Amino acid sequence: MAGKILLEVVTPEKQLLSQEVDEVIAPGSEGEFGVLPGHCHFLSTLKIGELRYRIGEQSNSMAILWGFAEVTPTKVTIMAEVAEKAEDISIERATEKVAEAERRLQAGGLPSEVKEAQISLEKARLRKKIAERAKKPGTH
Amino acid sequence: MPSLQSLRRKIAAFKNTQKITKAMKMVAAAKLKRSQDRILSARPYAHKMREVLSNLSRRVNRSSHPLLQKREVKKIEVLVVTSDRGLCGGFNGNIVRKSSEFVRQCEARGVHVNLSLIGRKGRDYFKRRSWPIRQEWTGIFDKLSFEHAIDIGGDLTENFVKGTFDELYVVYNEFKSAIQQRVIVEKLFPIDAQTEFGATQAEGQASGSYLYEPDEAGLLNALLPKHFQVQAYRILLESAAAEHGARMAAMDGATRNAGQLIKKVTLYYNKTRQAAITKELMDIVGGAEALK
């Protein structure tokens with residue numbers, strides 16, 4: 001193996017992850033990008049999306065809500081506003097949130113409120129998707 | 001010789017004081033635990049941010065973003081972070097001393113210095129001595145949140161861009177451990193390329209080109225304001241944790257001192273009481289002797 005990359009995920013609340021992994025796929029603001037060991041220096045903003053990383057044959061994922069990623073040949077640093085590991089998300093709560101956001105979106109209101117509702121819907125859907133996938137291993 | 005009654009009163013007073021300091025120590029310990037958790041978990045993010053930024057600042061053209069500019073230093077601002085409350089030992093005294101010293105050094109070099117103050121204690125001190133104060137934030141430590149950091153960070157970035165100051169230094173207490181604080185003078189504006197992270201520096205220099213997504217300007221626009229908010233947040237948390245640590249230590253000392261005083265006065269009280277009894281006895285014995 002051509003070595004591993006150190007994946008570090010930090011949020012303002014805590015350091016979520018610091019682990020040697022084989023591959024990282026991150027939600028860049030201009031599209032998803034994958035990182036393998038030896039990637040060139042790269043700096044990107046992140047949007048709401050799913051961060052996937054692979055250790056050997058095992059895939060893991062977590063929800064990322066905005067942030068930055070710095071990539072060097074040996075290290076990926078993800079600075080996210082909010083990040084949640086798939087196994088930490090509860091499906092019930094996520095489903096609830098989706099419903100709530102949809103309701104708010106339907107209710108309408110000021111443009112800023114609608115925008116906010118759209119964003120929270122996107123967030124909630126993402127959480128739900130990731131959480132559901134984590135419950136059913138092997139469907140990656 | 002003080003009367004027995006006044007000694008008794010004194011002992012009672014010391015005991016009351018001791019009760020208060022003990023309670024304050026407990027409160028500080030509980031708060032310390034919480035703020036310690038917060039700073040310890042916020043630190044990695046802030047440090048990473050600074051690492052990335054200083055890596056970046058070495059690579060990009062400084063004139064490409066207003067927040068990266070390095071100007072000739074004519075006006076300096078010093079952000080002094082103190083606490084809102086006292087009774088925390090040398091916590092505020094150290095900060096005030098260090099910042100006065102620092103300001104004097106800068107003024108000796110012929111640059112104009114303004115102060116920005118966080119915390120009531122520092123505000124009171126510098127206001128009374130009519131130092132030039134540009135901005136102040138007080139009463140934020142009770143309910144510290146990221147909103148405050150956004151507020152402060154926003155104000156600072158805005159004024160740096162406007163040219164209110166060319167350099168900004170922060171003087172604050174860093175939380176080292178529950179019983180140890182360190183006064184830090186840190187340069188926040190403009191961002192410096194050299195950091196304490198020796199390894200990343202070497203790593204950064206070795207590499208050539210960097211890819212950006214979106215483009216450099218877009219990235220800097222997103223990253224820089226955020227950076228200063230995060231740093232402001234970290235500094236606030238450091239100071240809050242350090243404050244509770246300092247107060248806990250100070251109150252622990254006060255409780256112990258009160259205990260010692262109580263012991264001493266109680267001993268004196270008992271001696272005096274015994275002396276009085278002995279004297280009375282001797283009087284009685286003397287009186288009985290005289291009657292014979």
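How many Å separate the centres of domain 1 of chain A and domain 2 of chain A, taken over C-alpha atoms? The answer is 23 Å. Please keep in mind as you look around that this is a predicted model.

**Chain A: two domains**

Let us start with the bounds. The domain assignment of chain A places domain 1 at residues 5-87 and domain 2 at residues 89-135. Where the two meet, 9 residues of domain 1 of chain A are in contact with 9 residues of domain 2 of chain A. On the domain 1 side, the elements that give two or more residues are β6 (49-55) and β7 (58-72) of chain A. The largest share of that side comes from β7(A), with 3 residues. By kind, the residues on this side of domain 1 of chain A divide into 4 nonpolar, 2 polar and 3 charged.

**Chain B: strands around β2**

Now turn to chain B and find strand β2 (residues 112-118), which is mostly covered, with 5 of its 7 residues buried.

| Strand pair | Sense | Bridges |
|---|---|---|
| β1 (residues 75-81) of chain B and β2(B) | parallel | 7 bridges |
| β2(B) and β3 (residues 133-137) of chain B | parallel | 4 bridges |

To follow the pairings residue by residue, look for B:His112 in β2(B), the bridge partner of B:Lys75. From β1(B) the chain crosses to β2(B) through helix α2 (residues 91-108) of chain B, in a right-handed β-α-β crossover.

On to β3(B), where B:Ile133 is the bridge partner of B:Leu115. Here the chain passes from β2(B) through helix α3 (residues 120-128) of chain B to β3(B), and this β-α-β crossover is right-handed.

Technical notes
Residues numbered from 1 in each chain as written. Chains lettered and ligands numbered in written order. Predicted model: local features only at pLDDT ≥ 70, side-chain atom pairs only at ≥ 80, totals over all residues. Domains from an automatic or database assignment. Contact = placed C-beta atoms within 7 Å. Nonpolar A, V, L, I, M, F, W, Y, C, P; charged D, E, K, R; others polar. Buried ≥ 20, exposed ≤ 12 C-beta atoms within 10 Å, placed from the backbone. Pairing = 2+ DSSP bridges. Right-handed = clockwise from strand over helix to strand, strands pointing away.
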